[in-house]
Amino acid sequence: MKASELITRKSPVVIKVGSPVMDAVRLMAENNVGLVVIVDSPENKRVLGVISERDVIRALAKGVDVSKATVEQVGTMGNIVSVKYYDYITTVAQLMNERQVRHVVVVDDNNRVISVISIRDLLREKEVVNALAKIRPHPPVRE
């Protein structure tokens, strides 16, 4: 199964670089998502970064005034966990595990965002859950 087969949204939730954090927070709430993709422009949709609920919480914990901050000041810029739309979902799951993230950005060959796959999307997929259920657990470690 390919990453493109897990896409549930017709269009990704994106925000233009330089936008206020509170606009990203509103988009998350309105669209019931935990991550918004930061792009160069809504037309181009070239991925520059992401801003997640966790990024906002970390900023608040550090005392950042999120009402005055921009998305690139709070979000993660560059080094984004992404896959191509034709990559296999095993690659998506592996990246989530290795990088300890809950979202993977799906891009085309020109690094334009197509969608975002969340861990929830993976767990909704019956094939993925069945494959995980068949994995033999490691024997207990004795110390």
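Which residue in strand 2 stands opposite Val-14?

Author: It's Val-37 that Val-14 faces in strand 2. Before going on, a word on the ground rules: this is a predicted model, where local features need pLDDT of at least 70 and side-chain atom pairs count only at pLDDT 80 or more, while totals for chains, interfaces and linings use all residues. Residues are numbered from 1 along each chain as its sequence is written, and side-chain values use heavy atoms, with hydrogens and water left out.

Strands here are DSSP runs of E with at least two residues, helices are runs of H or I with at least four, and both are numbered from the N terminus. Two strands pair if DSSP finds at least two bridges between them. Strand 1 (14–16) and strand 2 run parallel, joined by three bridges. They belong to an open sheet of four strands, ordered 1-2-3-4, with mixed pairing. Strands 1 and 4 have a single partner strand each and stand at the edges, so one side of each is left without a neighbour in the sheet. Over at strand 4, the link to strand 3 is antiparallel and made by two bridges, and Gly-49 has Met-77 of strand 4 as its bridge partner.

Now for strand 2 (residues 35–39) itself. It's mostly covered: five of its five residues are buried, meaning under 20% relative accessible area, with exposed being over 50% and partly exposed in between (1.4 Å probe, protein chains only). In a regular strand, side chains alternate between the two faces of the sheet. Here Leu-35, Val-37 and Val-39 point one way, Val-36 and Ile-38 the other, and all are buried.

Leu-35 also takes us to the largest pocket: along with Gly-34, Arg-102, His-103 and Ser-118, Leu-35 is among the lining residues nearest its centre. A pocket, on a 1 Å grid over the protein atoms alone, is an open set of points where a 1.4 Å probe fits, with protein on both sides within 12 Å along at least five of seven lines; lining residues have an atom within 4 Å of a point. This one holds about 920 Å³ of space, counted as the space filled by probe spheres set on the points, which are joined across faces, edges and corners. Its lining has twelve nonpolar, ten polar and ten charged residues, with Ala, Val, Leu, Ile, Met, Phe, Trp, Tyr, Cys and Pro as nonpolar, Asp, Glu, Lys and Arg as charged, and the others, Gly among them, as polar.

Which helix gives the largest share of that lining? That's helix 2, with five residues. Strand 3 (47–52) is one of the other elements that supply at least two residues. Helix 2 (53–61) has Asp-55, Val-56 and Ala-59 buried. Those three fall within an arc of 100° seen down the helix axis, so they line one face; the arc is that of the directions from the axis to the C-beta atoms. On the other side, Ile-57 and Ala-61 are exposed. Strand 3 and strand 4 are among the elements covering the buried residues of helix 2, as are helix 1 (21–31) and helix 3 (71–74), contact being heavy atoms within 4.5 Å. After helix 2 comes Gly-63, with a positive phi near 85°.
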